[in-house]
Amino acid sequence: MSIREEINRRLATGALLLLEPALVGDPVERTMLISPEIDRLLSGPWDTETDERRANRLRSDLERFVTGQYIGLCLTPYEAQTAYMGRLDRPEDEVWDIRSVDPSPGLRVFGRFAEVDVFVALTWQPRSKDWGGRKALRGGKSLEWHLAILECHRLWEELFSGFQPIRGGEVRDYVSANAFHV
Amino acid sequence: VTTSQPTHFMYEIEAGDIPIPPGKLAYFQERLRNRIYHFVLSRFFEAERNGLTKALLARRLGSDPAVISRLLGAPGNWTLDTVSNLLLGIAAEELEPASSSVLNRKHRNFVAPDWLRTQEYNWIAEKQAQPLRQLAERGGGAPIPGLPPAISPAPVPEPGVHLSLCTGRTPPPAQFGRPRPSRGLLQELLGERNAA
């Protein structure tokens, strides 16, 4: 059994979903698989119009990955700054976050690379303030960050027990084109 | 792999006479920002291959190199002025106003790697179709063009079953927050991890 077969099994059961661009005809250059909880965030229903707007901006930001737009990757924890994706502490755990920074609250989507250009997005959390029923991550070394990373581990294990995410030391080990190091 | 893409995201936009939901307005706002960022960045990398550096660009624009690095790092705070400055400084170009319809776009052929069997079940398409299907049912069952055939619903889960992500085609609960393991359990795991 390969991780590809495992992914297909999870797609078939609805435990993972393929994030497709909302607009017909947009290019698809990379693959993002999302968990049902991220789908719930993107698809609603939401409590308020503000929440709806925020979630849809996140969707647009996630589609940057799928449509092959330029993205900045930071492989060093705590130094991501303007990067679209950052590898989190500890690097050997290979947990990454996608950073949707605007408007407040910034949102972080946690996941791991199953293959080059294939990202599995598993969970999410607001960055600066509590939102959507979830606690804010706040500072980079807060307990909430550790818990979010652990949760990402747990969800990966539920889906892909025995399979490791890809590991690398350079941007191209994760994303093959239109990506740069931050 | 060839699959059909959901067209329902465009429903209100296509209708022409009903309000466009704020979320969709926000989606397109962010999309525009991201696309312009991608465009300017592609021009920058092209110019970089011909010798342009961030330091030179900063000098040309009378800006601090750190500011240029930040601007090129993410589209967060861009304004129309930012776009104008960057394009002028990078490539001696200006943005040419043009627009195109977001409706009636050609379907693409490639949606996923060959090994990904996406055509078996398009959950997102099904979810997006649900409100329209309910609308059609309320209106006496008149068909809505473009609506995919209904997929047999999964069995209604027992309370709590949806807590596991791996229980098959269980529809996710219609709530914004998520069920999570208790904070205590995660803290316990965190302690084990740190001890290891």
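The model described here is predicted.

**Overall dimensions and surface**

Taken along the principal axes, the box filled by the C-alpha atoms of chain A is roughly 40 × 35 × 30 Å. Of the 182 residues in this chain, 66% count as buried. Among contacts between residues at least 6 apart in sequence, 52% join residues at least 24 apart.

**Nonpolar cores**

In soluble globular proteins, nonpolar side chains tend to be buried together. The largest nonpolar core in this model has 31 residues. The residues with the most contacts inside this core are A:M32, A:L62, A:F65, A:L73, A:M85, A:F113 and A:F119. At least two core residues come from each of β2 (31-34), α2 (36-43), α3 (49-66), β3, β5 (96-100), β6 (107-115) and β7 (118-126) of chain A. The element that gives the most to this core is α3(A), with 5 residues. Apart from this core lies another, of 28 residues, which includes A:I7, A:L18, A:A114 and A:F160.

The surroundings of A:M32 can be described individually. Leaving aside residues up to four places away in sequence, A:M32 touches A:L17, A:L18, A:L19, A:L62, A:F65, A:V66, A:I98, A:F119 and A:A121.

**The loop between β3 and β4 of chain A**

A:T82 is found in the loop between β3 (71-74) and β4 (85-87) of chain A. Its contacts, not counting residues up to four places away in sequence, involve both chains: A:R99 and A:V182 on one side, and B:R70, B:G73 and B:A74 on the other. A:T82 and A:D39 are 43 residues apart in sequence, and their C-alpha atoms are 25 Å apart in space. A:Q81 is found in the loop between β3 and β4 as well.

**Backbone features**

| Residue or bond | Feature | Angle |
|---|---|---|
| A:D102 to A:P103 | cis peptide bond | omega near -5 degrees |
| A:S104 to A:P105 | cis peptide bond | omega about 5 degrees |
| A:Q81 | positive phi, not glycine | phi near 45 degrees |
| B:A92 | positive phi, not glycine | phi near 50 degrees |

The loop between β5 and β6 of chain A holds A:P103, and A:P105 lies in the loop between β5 and β6 of chain A too. Is A:Q81 buried or exposed? The relative accessibility of A:Q81 is 65%, and the residue therefore counts as exposed, the cut-off being over 50%. In chain B, the place of B:A92 is the loop between α5 (80-91) and α6 (123-138). B:A92 has a relative accessible area of 64%, so this residue is exposed.

How values were computed
Residues numbered from 1 in each chain as written. Chains lettered and ligands numbered in written order. Predicted model: local features only at pLDDT ≥ 70, side-chain atom pairs only at ≥ 80, totals over all residues. Heavy atoms only, no water. Buried < 20%, exposed > 50% of the residue type's maximum accessible area, 1.4 Å probe, protein only. Contact = heavy atoms within 4.5 Å. Helix = DSSP H or I, 4+ residues; strand = E, 2+ residues; numbered from the N terminus. Core = buried A, V, L, I, M, F, W, Y, C linked by side-chain atoms within 4.5 Å.
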